[in-house]
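My entries follow in the order of the checks.

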Amino acid sequence: MPAGSKPKIFVIYYSTYGHVHTVAQAITKGLLKTNKVDAELYQIAETLPTEVLEKMHAAPKTTVPVITPEKLTEADGFLFGFPTRFGVAPAQVKAFFDATGQLWSTGALLGKPAGLFFSTGSQHGGQESTAFTFLTHFAHHGIVYVPLGYANPKMFGNEVVTGGSAWGAGTVAGPDGSRQPSAVELEIAETQGEKFADVAVKLFGGSSGEAQKEAEKAGEAPVAAAAAAPAPAAAPVEEAKPAAVPAAPAATAPVAKTDPIAPATANPAQKKSARSGKAAIRGRLLPTAARRLYSSVTENDNVEPIRGLDLGVAHSKLLLRTVSAVRSNSELRTLGVAEGETRKMNMCQAVNDAMRHALTTDETSVVFGEDVAFGGVFRCSVGLADDFGRERIFNTPLTEQGIAGFAIGLASMGHTAIAEIQFADYIFPAFDQIVNEAAKYRYRSGNQFNVGGLTIRTPCSAVGHGGHYHSQSPEAFFAHVPGLKVLMPRSPVQAKGLLLAAIRDPNPTIVFEPKILYRSAVEQVPVDEYELPLSKAEVLKTGKDVTVVGYGSQIYALENAIQMIERDMPGVTCELIDLRTILPYDAETVAESVNKTGRLVVAHEAPRTQGFAAELAAEIQERCFLRLESPIQRVCGLFIPHPLVYERFYMPCAVRTYEAIKNSLSY
């Protein structure tokens, strides 16, 4: 923002239908009333379905421009208005989160202050949990949370508004029968707009010049928005007077890549200054992180990360889409199948092909589970019953505990049991059978008996609309259990080779299959049978500056994050590793990479707390402590049940990974 100019604040809300529009107008009035900021009013959606409008008791539509990603970049701060009546308008809330997610994915809000407001008070449930979801997303995307008000203001340590409901007054009936904000509510809204304007001035040094004077008095320059780093996810920042940051001349400018300063040569006094500066910054509204003085990477915070990049598995360069790609794959060449016939398959077909090979070569093998004889809900076993008979391919009752128990008994008698749990979310009724029986069978018999012929397949992870019962990634539960092997493939070639290896491995094995890849991941797959090595990670891309590790469908988010980092930080290269086997995992390959790069970022869809990334981080910290240049970063799902309409904010997406890599490089 040019010196002396006013910060520009955008007030953005769902639609001009409903009384949220009236509240947004009052907030905008409060912003402009201070004469410290410029304020503009925008909506996200132009219209709503008629049935939604009827449920909202909506006010007449008012003409307000629709915000666009391009326009979004012009703002210095934001206020987001939530739609209400969540319980009766699910289409409305889904559209709202889809639209805001598209805006946030542009990266235009990075390092900028943003506040939340509702149009009504405690009349509507779910506002607190919704606000919490937004706050967490703010933190992960480097957006500065500015507290306003909620139904329970103290829930987030917010002392700006005390007592009462979110806006303190509720609604009254309008002349057309619609629900309208009361005069008291509008007055509170206007006051909140004024408070947000004051915050913006303190952050950016607006026309009042108060922040500029305070900064000069403290002997420092005002903090620029572009210098903001992602906020910690733990708690929102209270609205408080910014504290002065002690001067640290060596830290005021990024160190050039061509002139790195080794950690051993860092001046102790400079380190102390950096630490004290960092402590002072924690008290500010702007969550700027103090940088290590010996960072060898130029900071580049004011970069919108996606910028037209094609995201996702459909555009991945990691997939073997052509015959020539298969021919040149070193692992397939080692296995002797690279020169053979290939067939275009999605991951679902590759799983089917692997089971066909197992059934053809092993007469003791059987496939069973819920609806398996019909092809399964994802059609992974389609045609098997016709080709191998219903004595070997059969349905079971809807009892996961029974499926696992039957599979253990079958395997203990020398058969190859290939069981399907229809969704990984429903594997928990079978937990006792898998953990206390299958995993310990060999151990408790002194190796006289075993159930090594047991393989459990189960679709896992997010699919975009599964909610909390059809989206979970429970691999960490089983990675804690000695006696099991746990896998998660990323592609059709990997799925076929790993599943065949799992079926033939002399240990009970669980194969988690990311269901979103069943049809989205397509490769040329060797027709001949082959087994990929278990407990061996694959280095998908070499690099020298940071190691990035993941597995399953998360690999494609990591690929995109690396593409953005290497584009925005010329000279930086990232090493990408697919772990493939989660138990027992290949710590040696990861440690070798980290000893070279000095940095590690680990990502998975499962929640961060007690997730598998924590195990890997601890192991690598023990092995590579003296070579680490920065703290190990974890990019994971949020510590909440897997949400439905909030899934976009839950996921450890490419942008969140981009920020984690940048944090690691800039430490």
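In what order do the five strands of the open sheet run? I read the order as 16-18-17-20-21, with mixed pairing. I took strands (E, at least two residues) and helices (H or I, at least four) as DSSP runs numbered from the N terminus. Two strands pair if DSSP finds at least two bridges between them.

Before going on I noted the basis: this is a predicted model, where local features need pLDDT of at least 70, side-chain atom pairs count only at pLDDT 80 or more, and totals for chains, interfaces and linings use all residues. Residues are numbered from 1 along each chain as its sequence is written, and side-chain values use heavy atoms, with hydrogens and water left out.

**Entry: confidence**

I looked up pLDDT, the predictor's confidence in each residue from 0 to 100. The protein chain averages 75, and 64% of the residues score at least 70. Over residues 52-61 pLDDT stays under 50, and the model has 31 contacts for this stretch beyond four places in sequence. Residues 84-89 also stay under 50, with 16 such contacts. A contact here means heavy atoms within 4.5 Å.

Strand 17 (residues 546-550) pairs with strand 20 (residues 600-607) in the parallel sense over three bridges. Threonine 547 has leucine 600 of strand 20 as its bridge partner. Helix 21 (residues 612-624) packs on this sheet and touches strand 17, strand 20 and strand 21, its direction making about 155 degrees with that of strand 20. Axes are lines fitted to C-alpha atoms, for helices over the stretch in contact, and angles run from 0 to 180 degrees between N-to-C directions.

**Entry: helix 20 and helix 21**

I checked this pair next. The axes of helix 20 (residues 587-597) and helix 21 come within 10 Å and cross at roughly 55 degrees. The two helices are therefore oblique to each other; angles under 35 degrees count as roughly parallel, over 145 as roughly antiparallel, 65 to 115 as roughly perpendicular and the rest as oblique. In helix 20, the residues that meet helix 21 include Val590, Ala591 and Val594; on the helix 21 side, Leu616 and Ile620 are among them.

Strand 13 (residues 485-487) and strand 14 (residues 509-514) pair in the parallel sense over three bridges. Lysine 485 has threonine 509 in strand 14 as its bridge partner.

**Entry: helix 11 and helix 17**

The axes of helix 11 (residues 347-361) and helix 17 (residues 492-504) come within 8 Å and cross at roughly 30 degrees. Helix 11 and helix 17 are therefore roughly parallel to each other.
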